[in-house]
Amino acid sequence: MCTECGCGLPGDKPFRILGRAHDHDHGHGHHHHSHDHAHDHPHIHDEPKRHVDIHRSILDKNNRQAERNRGFFHARGLLVLNILSSPGAGKTTLIRETIRALNNRLKTAVIVGDLETDNDARQLRETSAEVVQITTGTVCHLEAEMIARAIKQLHLNSVQLLIIENVGNLVCPASYDLGEDLRVVLLSVTEGEDKPLKYPPVFQSAAATIVSKIDLAQVCEYNREAARANLTRLAPTAPIFELSAKTGQGMEEWCAFLIAEQNKICARDPLVG
């Protein structure tokens with residue numbers, strides 16, 4: 001269930017995890033026992049009204065699982081990215097071309113999140129990476145528990161980079177830690193330079209930002225200075241990568257960043273792996 005929009009309420013379609021070689025239906029709906037007997041509370045109208053804030057408990061549970069995920073990843077020397085953007089900003093193409101550009105310099109696995117279909121996962125399976133799809137049903141974001149279940153479908157022994165492609169949404173995913181090392185947020189040149197100002201929480205939480213589809217900048221009359229100023233205003237320390245996964249422009253700088261970040265993990269614990 002989401003703290004922002006209330007998606008994934010009990011009774012809604014549960015999430016499923018689809019493995020690479022074959023599909024596993026891992027829907028985990030919550031079964032609620034029905035209570036058919038009547039309850040007579042004649043004085044309920046006299047009781048004072050109480051407000052129960054469930055948002056904190058939802059996030060507390062998620063954050064505990066995220067920390068468990070993070071410990072699991074660190075024990076294996078994994079660099080984990082959580083990639084977020086609005087729909088159509090180019091996450092899947094970026095991930096596909098990142099895997100190809102790395103050219104086995106970092107062995108990669110991918111977890112893909114979508115409300116429905118495994119279209120993105122099938123596209124990514126054209127690369128050398130192992131891919132697991134999470135279909136979230138009615139939930140508009142990924143949660144730490146979903147990631148914990150999905151990684152059981154992956155063979156991570158020799159993997160160095162795990163990329164999580166979150167559901168296309170700039171609102172709800174911002175609240176959910178998945179246990180990642182880096183949260184990467186995409187801004188497409190087709191979306192407008194003020195998009196970060198309209199959705200500040202997700203951009204403020206970015207460890208790195210990517211301006212995607214830079215090859216279309218001139219056609220879209222993209223204002224580079226304004227976009228960079230808005231991104232820097234919200235996330236002053238996050239590096240900004242301007243790139244085109246389609247043409248390859250800027251991809252080597254992005255890959256070099258990933259390799260450097262993975263090297264930091266190895267330096268932190270040289271015995272890992």
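Predicted model: local features only at pLDDT ≥ 70, side-chain atom pairs only at ≥ 80, totals over all residues.
A residue counts as buried when its relative accessible area is under 20%.

## Helix α2

By that cut-off, nine of the 12 residues of α2 are buried, so the helix is largely enclosed by the rest of the structure. The buried residues are Lys 91, Thr 92, Leu 94, Ile 95, Arg 96, Glu 97, Thr 98, Ile 99 and Leu 102. From its first C-alpha to its last, α2 reaches 16 Å, close to the 16 Å expected at 1.5 Å a residue.

Leu 94 belongs to α2, which covers residues 91–102. With a relative accessibility of 2%, Leu 94 counts as buried. Leaving aside residues up to four places away in sequence, Leu 94 touches Ile 83, Leu 186, Ile 210, Leu 243, Ala 245, Met 251 and Trp 254.

## Packing of α2 against α8

Helix α8, residues 251–268, packs with α2 at an angle of about 75°, and the two axes are 10 Å apart. An angle from 65 to 115 degrees counts as roughly perpendicular, and that is how α2 lies relative to α8. On the α2 side, the residues that meet α8 are Leu 94, Glu 97, Thr 98, Ala 101 and Leu 102. Their counterparts in α8 are Met 251, Trp 254, Cys 255, Leu 258 and Ile 259.

## Salt bridges

The whole structure holds 13 salt bridges. Three of them are set out here.

| Glu 97 | Arg 100 | 3.1 Å |

How far apart are Glu 97 and Arg 100 in helix α2? They are three residues apart, which means about one helical turn separates them. An α-helix has 3.6 residues a turn, so residues three or four places apart point the same way. Glu 97 counts as buried at 17% relative accessibility, whereas Arg 100 is partly exposed at 41%.

Glu 126 is exposed, having a relative accessible area of 56%. Through shared partners, salt bridges join Arg 96, Glu 97, Arg 100 and Glu 126 into one network.

Is Ser 188 buried or exposed? Ser 188 is buried, at a relative accessible area of 1%. Ser 188 is part of strand β6, which covers residues 182–188. Its side chain makes a polar contact of 2.7 Å with the side chain of Thr 190. Beyond residues up to four places away in sequence, Ser 188 touches Ala 89, Ser 212 and Lys 213.

Arg 149 is in helix α4, residues 144–150. Arg 149 counts as partly exposed, with 21% relative accessibility. The side chains of Arg 149 and Glu 145 make a polar contact of 2.4 Å. Arg 149 and Ile 134 are 15 residues apart in sequence, with their C-alpha atoms 9.6 Å apart.

## Positive phi angles in loops

Asn 104 is not a glycine, yet its phi is positive, at about 70°. This residue lies in the loop between α2 and β3 (108–114). At 61% relative accessibility, Asn 104 counts as exposed.

Glu 221, also not a glycine, has a positive phi of about 55°. Where is Glu 221 found? Its place is the loop between β7 (208–212) and α7 (224–234). Glu 221 counts as exposed, with 69% relative accessibility.

Notes:
Residues numbered from 1 in each chain as written. Heavy atoms only, no water. Helix = DSSP H or I, 4+ residues; strand = E, 2+ residues; numbered from the N terminus. Buried < 20%, exposed > 50% of the residue type's maximum accessible area, 1.4 Å probe, protein only. Polar contact = N/O pair within 3.5 Å; in protein donor to acceptor, adjacent residues only side chain to side chain. Contact = heavy atoms within 4.5 Å. Salt bridge = Lys/Arg side-chain N within 4 Å of Asp/Glu carboxyl O. Expected span 1.5 Å × (residues − 1). Axes fitted to C-alpha atoms, helices over the stretch in contact; angles between N-to-C directions. Parallel < 35°, antiparallel > 145°, perpendicular 65-115°, else oblique.
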